[in-house]
Amino acid sequence: MFKRILIAALLATPLWALAAADSAKATLAAADSAKAASAGADDKAKTTQRGKKMKACNKQAADKSLKGDDRKKFMSACLKGSAKS
């Protein structure tokens, strides 16, 4: 009787280990997908901010009728945040 219980326990142990490993993989995969979703939201927010900044700088450059190298210099300074209105 003891041998049967021992054998059953020894045979079941690898199954528990596999189940635990699968659970750990699933948890890591869920964490990775959540992290990726968060990173995607951050990238979208940054893109939106850059787009708004670009539109504002383009409008200022157009209002000043800047062209060529003067426009490039102004846009560079404006996008860096050091342009004077």
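## An exposed serine in the loop

S65 comes out as exposed, with 57% relative accessibility (exposed means over 50% relative accessible area, buried under 20%, and partly exposed in between, using a 1.4 Å probe and protein chains only). You'll find S65 in the loop between α1 and α2. Its phi is near 55°, a positive value in a residue that isn't glycine.

A quick word on the source: this is a predicted model, where local features need pLDDT of at least 70 and side-chain atom pairs count only at pLDDT 80 or more, while totals for chains, interfaces and linings use all residues. Residues are numbered from 1 along each chain as its sequence is written, and side-chain values use heavy atoms, with hydrogens and water left out.

## Overall layout

The protein has two helices and zero strands (both are DSSP runs numbered from the N terminus: helices are H or I with at least four residues, strands are E with at least two). Of its 85 residues, 6% count as buried.

## The disulfide

Searching the whole structure turns up one disulfide (a pair of cysteine sulfur atoms within 2.5 Å). It joins C57 to C78, with 1.9 Å from S to S. The pair ties together distant parts of the chain, with C57 in helix α1 and C78 in helix α2, 21 residues apart. The link of C57 and C78 is left-handed, at -85° about the S-S bond, and both cysteines are buried.

## The core

Those two cysteines also belong to the largest nonpolar core, a five-residue set with A61, F74 and M75 as the other members (such a core is a set of buried Ala, Val, Leu, Ile, Met, Phe, Trp, Tyr and Cys residues joined through side-chain atoms within 4.5 Å). Two or more residues come from each of α1 (2-63) and α2 (68-80), and α2 gives the most, with three.

Setting aside neighbours within four places in sequence, A61 is in contact with L66, R71, F74 and M75 (contact means heavy atoms within 4.5 Å).

## The salt bridge

There's one salt bridge in the whole structure (a side-chain nitrogen of Lys or Arg within 4 Å of a carboxyl oxygen of Asp or Glu). The partners are D63 and K59, at 3.4 Å from N to O. Both sit in helix α1, four residues apart, or about one turn of the helix. D63 and K59 are both exposed.
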